[in-house]
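Colleague: Hi! Could you walk me through this one? I have a few quick questions.

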Amino acid sequence: GNGMKSEVSFTSLESLNSELKMLARDDNDSRKNDRKNSTRMNMDVETTIAFARDASRRAMKAQSLVEEWNGSIEADSCSYNYVLLAWNRVVSALLVSPMVSNVIMENDDGGDDVAMNARKAALHSEELLLSMMTSSSSSVALANTKSYNLVMDSYLKVVQAKKWSQSKGAYKRIDELYRNNPNPPNDETFRIAIEAACSSNLPERAEDILAEMEQLYNTDKENIEWTPSVAMYKPILKAWKNRSSRSNKYQTNSGENAAKKCENVLRRMIELSNSHGDNLSTMKPDPHSYAIVIEAYGKSGTKDCAEQAQRLLFEMKDRANLMPNVKTFTSVIQAWSLAARYNDEAPLAAERLLRQMEDLSNKLHDD
């Protein structure tokens, strides 16, 4: 056989699930290891291929176990979710190195060898999700919120890898899964859908999804899974910031519009954290949130870009009691240098700001 057939016969659903858990590497050590590997861009090609092959073998083995399992008890959501997790790990393994976009899986049974790539692995997981929805003879649906999240997350990894041949169309799959999910979404569902829209340069869509989350939060403020946090808003801030610097090449005011929209998101965060008190302290903008909006104005290159950026810098320092760092000051100083085309006072304003930055840093040293 090809090592994919199940030689093990399981006496119970528990024993099947513990084998699947092992194949999906769902334990702390494996998770740590996978995280380490997925951030090692300098892993050599041979190691990467071995890593991806191992992940693919595990996923195929896990899937064949579930498909061939004919115990007296049906495989449950947990069993299938382990297989979906195994495919999610294949996607990660295949995106570790820019040098490796697919691995050849030899078929020992005389069939064709299969070239496995990240997109195919994500498709495999979506096909499995569809079979979970149709195969259950019991009235309980097998595909739960976690199942959908795992498949959406597999596609999200493909979208964020920006390998165009593979990521094309992947965003559409995420959005469809998000819209058609019959289960109640949780914070992970929202995070994936928002990040996917932002990575696809669709901050408008991300804001719609965020509004749905806020609406759910308002219906049940005790539900921790619908509580918005800064992490949900930041990708949207960044997407508008990217739009503000990209678009001013094409039309004069689109950069300004994108910067304003970026600030609107910041205002929404402030408003939510103020109106819900301690309940939403997770929503208070941090220095980085302000820095993103300041940079959005700075890069928009519009006539008042520097004034707007400086206004936010002072608000951050004085009203929000947040300490800007050198990079944030530099964003505003650069904005003044862009504004010099329209404003004779710009060089002076930049110099004044530079002095303020020096005073602040001396004051911090003295304290």
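This is a predicted model: local features need pLDDT of at least 70, side-chain atom pairs count only at pLDDT 80 or more; totals for chains, interfaces and linings use all residues.

Colleague: Thanks. What percentage of the residues is buried?

Modeller: Of the 367 residues in the protein, 49% are buried.

Colleague: And how many helices and strands are there?

Modeller: The protein has 16 helices and two strands.

Colleague: What part of the contacts links residues 24 or more positions apart?

Modeller: Taking the contacts with a separation of 6 or more, 70% are between residues 24 or more positions apart.

Colleague: Let's look at a helix pair. How do α13 and α15 cross?

Modeller: Helix α13 covers residues 287–300 and helix α15 covers residues 326–339. Their axes come within 9 Å and cross at roughly 15°. Angles under 35 degrees count as roughly parallel, so α13 is roughly parallel to α15.

Colleague: Is that crossing left-handed or right-handed?

Modeller: The crossing of α13 and α15 is left-handed.

Colleague: Which residues meet there?

Modeller: From α13 you have A291, I294, E295 and G298. They meet K327, T328, S331, V332, A335 and L338 of α15. By type, the residues of this contact are five nonpolar, three polar and two charged.

Colleague: Nice. New topic: where is Q63?

Modeller: Q63 is in helix α3, which spans residues 45–68.

Colleague: Is Q63 buried or exposed?

Modeller: Buried means under 20% relative accessible area; Q63 has 13%, so Q63 is buried.

Colleague: What is Q63 in contact with, beyond its neighbours within four places in sequence?

Modeller: With those neighbours left aside, Q63 is in contact with V83, W87 and L128.

Colleague: And how far apart are Q63 and L84?

Modeller: In sequence, Q63 and L84 are 21 residues apart. In space they are 8.6 Å apart, C-alpha to C-alpha.

Colleague: Last one: what is the phi of N201?

Modeller: N201 has a positive phi of about 60°, although it is not a glycine. For context, most residues other than glycine have a negative phi.

Colleague: Where is N201 found?

Modeller: N201 is in the loop between α9 (187–199) and α10 (203–219). With a relative accessible area of 30%, N201 is partly exposed.

Colleague: Great, thanks a lot!

Note on methods:
Residues are numbered from 1 along each chain as its sequence is written. Side-chain values use heavy atoms; hydrogens and water are left out. Helices (H or I, at least four residues) and strands (E, at least two) are DSSP runs, numbered from the N terminus. Buried means under 20% relative accessible area, exposed over 50%, partly exposed in between (1.4 Å probe, protein chains only). Contact means heavy atoms within 4.5 Å. Axes are lines fitted to C-alpha atoms, for helices over the stretch in contact, and angles run from 0 to 180 degrees between N-to-C directions. Angles under 35 degrees count as roughly parallel, over 145 as roughly antiparallel, 65 to 115 as roughly perpendicular and the rest as oblique. A crossing is left-handed if the near helix is turned anticlockwise from the far one by less than a right angle, and right-handed if clockwise. Ala, Val, Leu, Ile, Met, Phe, Trp, Tyr, Cys and Pro count as nonpolar, Asp, Glu, Lys and Arg as charged, and the others, Gly among them, as polar.
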